[in-house]
Amino acid sequence: RSDDRAVLRTDGVTKRFGGLTAVDDVNVTVNEGEIVGLIGPNGAGKSTLFNCITGTLQADEGSVYLQGQDVTGWPEYKIARAGLGRMFQETRIFGDMTVEKNLLLAAQEGGSEVSSLLRRPDESLQARAQELLEYVDLGGLAKTRAGRLSFGQQKLIEFAMELMAEPDVLLMDEPAGGINPSMLENLIEYIRTANEDEEATIFLIEHNMDFVMEIADRIYVLAHGERIAEGTPEEIQNDQRVLDAYLGR
Ligand code: ADP
Ligand code: MG
C-alpha cells in the first residue's frame with residue numbers, strides 16, 4: 001500500500017504510565033476511504049493509543065501524522081481543527097437544543113459566532129444537517145429537543161454531528177457500546193453508507209467482534225500495548241496470535 005493515501009499514521013508511538021507501557025512502539029496507518037478496526041483484550045492500550053493520536057495524551061515516544069503533517073505534541077483542539085474527528089463513548093449532546101441545532105453547532109470550529117449561527121443558520125449547513133439526519137433515518141426529528149431521544153438515537157445524532165465537521169478521519173471508541181442489539185445492523189449500515197457516500201474515513205475501537213468483522217476493511221490487534229497483528233477480518237480471525245491473546249495465553 002502506498003503511503004500517499006495515508007490520512008493518519010503513527011510511527012513508534014509509546015506511552016507509559018509509571019512502570020506500565022500501555023502502548024509500546026505502535027505503528028498504524030489509516031488510508032483515505034478506509035474503515036479500520038482496532039481490537040484487543042481489555043487493557044491492551046486501545047484507548048490510550050487513541051488518546052495519543054488525538055492529543056489528549058502526549059506520547060512518550062513516536063510521532064503522529066495527519067495528512068502527512070507531523071502533529072506530534074499539538075494541543076487537542078488544533079489536531080481536531082486539522083481534520084481529526086473523535087466520537088466519544090459518553091454523549092456530548094445539548095439536551096435542551098433541537099437535534100438540528102446540535103448538528104449546526106457541531107459544524108462550526110472554534111466556538112466563534114455561535115449565536116449568529118443559531119439565529120441565522122447558513123442554508124447550506126441546514127441542508128447538510130438534514131441530509132445527515134436522513135442518513136441515520138432520523139430526518140423527521142430535526143426540530144425535536146435532543147434530550148427527548150433514546151440513547152441509541154443520541155448516538156446516531158452524535159455520529160451525524162461528527163460528520164457535520166467533515167473530518168479527514170473519524171475515531172470512534174466502541175460505537176456499538178450500549179446500543180440495542182436490534183439497532184446494531186442499522187448502525188453498521190449507517191457507518192458503511194457514510195463511508196461510501198460521504199467518503200468518511202473511520203478508525204474504530206470495538207469490543208463486539210461480529211460488528212468489527214463485518215464493518216472493517218482492515219484490523220489492527222493490540223495486546224499488552226504491542227501491535228501483534230494486522231490484516232483483513234478473515235486474516236485476523238484465523239491468526240493464532242490473536243486467538244492466544246484473547247485466550248490470555
Ligand atoms: P483498552 O482501551 O485497550 O482497554 P487502555 O488504553 O484503557 O486499554 O489501558 C491500557 C493500560 O493502561 C491498562 O493497563 C490501563 O489500566 C492503563 N491506563 C490507562 N489509562 C491510564 C492512566 N491515565 N493512568 C494509569 N494507567 C492507565
Ligand atoms: Mg478502552
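Predicted model: local features only at pLDDT ≥ 70, side-chain atom pairs only at ≥ 80, totals over all residues.

Where is the place of Glu174? I found Glu174 in the loop between β7 and α7.

**Positive phi values**

Most residues other than glycine have a negative phi. Glu174 has 19 C-beta neighbours inside 10 Å, so I put it down as partly exposed.

Asp25 went on the list too, with a positive phi near 60 degrees. Asp25 sits in strand β2. I counted 15 other C-beta atoms within 10 Å of Asp25, so it is partly exposed.

**The sheet with β2**

From Asp25 I moved on to the strand it belongs to, β2. I traced an open sheet of four strands in the order β2-β1-β4-β5, paired antiparallel. The edges are β2 and β5 (69-70), each with a single partner strand, so one side of each has no neighbour in the sheet.

I then checked how β1 (residues 6-17) meets β2: the pair is antiparallel and is held over eight bridges. One position I noted is Arg16, which stands opposite Thr21 in β2.

**Around ligand 1**

Which residues surround ligand 1? I listed Phe17, Leu20, Ala22, Gly40, Asn42, Gly43, Ala44, Gly45, Lys46, Ser47 and Thr48. I sorted this shell into four nonpolar residues, six polar and one charged. Both β2 (20-31) and α1 (46-54) supply at least two residues of the shell. The most comes from α1, with three residues.

**β9 and its partners**

Next I went to strand β9 (residues 218-223). Five of the six residues in β9 are buried, so I noted the strand as mostly covered. β9 runs parallel to β3 (residues 35-39), joined by four bridges. In that pairing I found Val36 with Arg218 of β9 as its bridge partner.

With β10 (residues 226-231), β9 runs antiparallel over five bridges. Here Val221 stands opposite Ala229 in β10. The hairpin of β9 and β10 has two residues between the strands, and His224 in this hairpin takes a positive phi near 50 degrees.

**Helix α5**

I tested the length of α5 first. Its 13 residues should span 18 Å at 1.5 Å a residue, and I get 18 Å between the end C-alpha atoms, which agrees.

Which residues are buried in α5? I have Ala129, Leu132, Leu133 and Tyr135. Seen down the helix axis, the buried residues of α5 fall within an arc of 145 degrees, so they line one face. I reminded myself that an α-helix has 3.6 residues a turn, so residues three or four places apart point the same way. The buried residues of α5 pack against α3, α6 and α7. On the other side of α5, I marked Glu123, Ser124 and Ala127 as exposed. Just after α5 comes Asp137, with a positive phi of about 60 degrees.

**Helix α6**

Why did I write α6 down as largely enclosed by the rest of the structure? Because 10 of its 14 residues are buried. The buried residues of α6 include Lys155, Glu158 and Glu162, along with Leu156, Ile157 and Phe159. I looked up what covers them and found, among others, β6 (84-87), α3 (99-107), α5 (123-135), β7 (169-173) and α7 (181-197). α6 is followed by Glu166, whose phi is positive, near 50 degrees.

**Gly83**

My last stop was Gly83, in the loop between α2 (76-81) and β6. I counted 19 other C-beta atoms within 10 Å of Gly83, so it is partly exposed. Leaving out residues up to four places away in sequence, Gly83 touches Leu66, Gln67, Pro167, Asp168 and Val169. I also took one distance: the C-alpha atoms of Gly83 and Asp173 are separated by 17 Å, and the two residues are 90 residues apart along the chain.

Notes:
Residues numbered from 1 in each chain as written. Chains lettered and ligands numbered in written order. Buried ≥ 20, exposed ≤ 12 C-beta atoms within 10 Å, placed from the backbone. Pairing = 2+ DSSP bridges. Near = placed C-beta within 6 Å. Nonpolar A, V, L, I, M, F, W, Y, C, P; charged D, E, K, R; others polar. Contact = placed C-beta atoms within 7 Å. Expected span 1.5 Å × (residues − 1). Arc of directions from axis to C-beta.
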